[in-house]
Number of protein chains: 2
Amino acid sequence: MKIKKETPEFALINQYFKQLTNPRQDVVLGVGDDAALLQVQEESLLVVSVDTMVSGVHFFEDVSAEALGHKALAVNLSDMAAMGAEPSWATLALTLPEVDEQWVAGFCRGFAELANRFNVSLVGGDTTRGPLSLTVQIHGMVAKDQAMRRDGAQVGDDIYVTGTLGDAAMGLRLLESTQALTAAQQKLVDRLERPHPRVEAGIALRHLAHSAIDLSDGLLADLGHILTQSGVGASLQLEQLPVSAKLRAVMGDDLDWSRLVSAGDDYELCLTLPAAGREAVSAVARQLSLPISRIGSVEAEPGIRCFDKQGAAWHPPQLGFDHFRTS
Amino acid sequence: MKIKKETPEFALINQYFKQLTNPRQDVVLGVGDDAALLQVQEESLLVVSVDTMVSGVHFFEDVSAEALGHKALAVNLSDMAAMGAEPSWATLALTLPEVDEQWVAGFCRGFAELANRFNVSLVGGDTTRGPLSLTVQIHGMVAKDQAMRRDGAQVGDDIYVTGTLGDAAMGLRLLESTQALTAAQQKLVDRLERPHPRVEAGIALRHLAHSAIDLSDGLLADLGHILTQSGVGASLQLEQLPVSAKLRAVMGDDLDWSRLVSAGDDYELCLTLPAAGREAVSAVARQLSLPISRIGSVEAEPGIRCFDKQGAAWHPPQLGFDHFRTS
């Protein structure tokens, strides 16, 4: 039962993990002691978020280790983006059924590529034996008055989303149903497996936004959290929802609103901000070469009202799935 | 594959978790947003550590949920103790095969009892479906020059351990081999299942100690980390190793050194500090009603040399186990 930590296999893993400890001046003591010692910037708040991914639940057992390493960090970076925080440090709790050096190397490659891009250093972790799963905690910093929360939306705010919606959900459907993927289909799968966290957009918009959330469970569900916690409602213009050319090519003119508004795993940002910020948003979108689409307005009446091109009300058939349903 | 977060079952779990969010002024924003916002004290370093426990690997599947909730937090608090840090916040990533309300309630009771005792607030988490495992990350603070690291031991330092050694390992042996436990035996099992993290001792000794570690993998293995990272060695007086009356009653006069020096799961502290600190250590021991035993000395020669009552050298048969052995 009792497990010892220092074994040849773990020494091997630790060698790979050392590649993830990007040097940062604010890491006083990193991996290798009972705990890490970290220096938070003056006048900043510490921002922390944790996410677990379980094999067969959050990812297919045969997903590439590199893609998994990317996504494990990406979903956490997306939470930093949603707060407007600058990411700094991560910890990784990795549970493996066995030590497969090639797998560990691939996982670390995927993790490191993203960590390097955002200057995130791995400062701690725990490696254990068991069914494959991984928990990443991300840490970041944000000035005290600039964090984007879910409870700040105000009546009259514009509602925006970054990027495009539904690509990842279509990627999942393709993975589940298609044997050989075309190049175009593979790009949708990439959106599922290698989401790009909108950290730069979060930082650029944090002084403008009244509220923000990242889209992991679908637009209606996630926007719903903002509205509920802010005590407001919203109307959405469905034809304003941003759809990628890739997704449009697959779906043709027969765009499925219900899928689009409930599509998960996009890891785009949904934000609300006052109409006075429209030009600033356009400037940020140009600067980042990232579509940031105005899709609706915050209203006093609770709930979300969706309208089509002709101004007719449209009602989504369902909002989500049962997390613990037997599959 | 894609999992939605907000379901009736999870709402239930979240109700229980809300009991764990102790109010602290430094929690600007806790559970319920994309990330928590936390205020680190000026002049302090942030101290973080993470540990995963997997069912069937780190605990028996039939362990009480309450004991598991206690231990999940305790092993992390022990890391704070080893740094001399004051714990403040925790996150909990909990993976459950199904939602059993009674189990969740028991788990939260065990977690909350310890969290309240040390004024630790749950500030974030993630609940997922999968094979039972849990990852807790603990956060604390320590003044910049007072953290106890593993790499600070100096030649001539005394070596101390808190509490007693080997109780938890004997508790594990009893659980594995004995059907009905006597009251005395149950007390040893309690030492395994409900370790008391030595947070107060760590804080009281941090200004005196040159180095510290908590004992999770056994005295020789853990002291070995201090010595290796400090570039020194040690000699130990075996008859000074602290043994509880409970353990002595079970083992009689036939004390098994090899078991005692490799016994895991004690979650006591091992510290080194200069001889000038002896009276201060005695005062702390009296104040905390906690044995703090001087068991040896730091020496320049690498390695650990053990001596028995007669001054004869004694060599342990083994130092640890293979983490990934097939059991």
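A: Gladly! Helices (H or I, at least four residues) and strands (E, at least two) are DSSP runs, numbered from the N terminus. This is a predicted model, in which local features need pLDDT of at least 70 and side-chain atom pairs count only at pLDDT 80 or more, while totals for chains, interfaces and linings use all residues. Residues are numbered from 1 along each chain as its sequence is written, and chains are lettered from A and ligands numbered from 1 in the order in which they are written.

Q: What makes P302(B) exposed or buried?
A: We count the other C-beta atoms within 10 Å of its own, placed from the backbone: 20 or more means buried, 12 or fewer exposed, and anything in between partly exposed. P302(B) has 12 such atoms, so it counts as exposed. Its C-alpha atom is separated by 5.1 Å from that of V232(B), 70 residues apart along the chain.

Q: How do you know whether T135(B) is buried or exposed?
A: T135(B), in strand β6 of chain B, has 32 other C-beta atoms within 10 Å, so it is buried. Two residues are in contact if their C-beta atoms, placed from the backbone, lie within 7 Å. Beyond its neighbours within four places in sequence, T135(B) is in contact with T52(A), A93(A) and T135(A) from chain A, and with V50(B), T52(B) and A93(B) from chain B. From T135(B) to E176(B), 41 residues apart along the chain, the C-alpha separation is 25 Å.

Q: Which strands form the open sheet, and in what order?
A: There are 6, in the order β1(A)-β2(A)-β3(B)-β6(B)-β4(B)-β5(B), with mixed pairing. Two strands pair if DSSP finds at least two bridges between them.

Q: What makes a strand an edge strand here?
A: Pairing on one side only, as with β1 (27–29) of chain A and β5 (121–129) of chain B. From one strand to the next, the twist averages 20°.

Q: How do you know that β2 of chain A and β3 of chain B are joined?
A: β2 (residues 36–38) of chain A and β3 (residues 44–54) of chain B run antiparallel and share 3 bridges, so they meet the requirement of at least two. L37(A) stands opposite V47(B) there. Helix α2 (residues 65–83) of chain B lies across β3, β4 (86–96) and β6 (133–143) of chain B, at about 25° to β6(B).

Q: Why is α4(B) described in this way relative to α5(B)?
A: Helix α4 (residues 167–177) and helix α5 (residues 183–193) of chain B pack at about 115°, with axes 7 Å apart. That makes the two roughly perpendicular, because the classes are under 35 degrees for roughly parallel, over 145 for roughly antiparallel, 65 to 115 for roughly perpendicular, and oblique for the rest. The axes are lines fitted to C-alpha atoms, for helices over the stretch in contact, and angles run from 0 to 180 degrees between N-to-C directions. The contact involves, among them, M170(B) and L174(B) of α4(B) and L188(B) and L192(B) of α5(B).

Q: What is the angle between helix α4 and helix α5 of chain A?
A: For α4 (residues 167–177) and α5 (residues 183–193) of chain A, it is about 115°, with the axes 7 Å apart, so α4(A) is roughly perpendicular to α5(A). The residues that meet include G171(A) in α4(A) and V189(A) in α5(A).

Q: What makes strand β7 of chain A mostly covered?
A: Of the 5 residues in β7 (158–162), 4 are buried. β7(A) pairs antiparallel with β10 (residues 269–273) of chain A over 4 bridges, and I159(A) faces T272(A) in β10(A). Another 5 bridges link β7(A), again antiparallel, to β11 (residues 292–299) of chain A, where T162(A) partners I292(A).

Q: Why are both faces of strand β8 of chain A called covered?
A: S211(A) and I213(A) on one side, and A212(A) and D214(A) on the other, are all buried. β8(A) also pairs with β10(A), antiparallel, over 4 bridges, and A212(A) has L271(A) as its bridge partner.

Q: How do you know that chain A agrees with a compact globule?
A: The radius of gyration, taken over C-alpha atoms, is set against a globule rule of 2.2 Å times the number of residues to the power 0.38. For 327 residues the rule gives near 20 Å, and chain A has 21 Å, which agrees. In chain A, 53% of the residues are buried.
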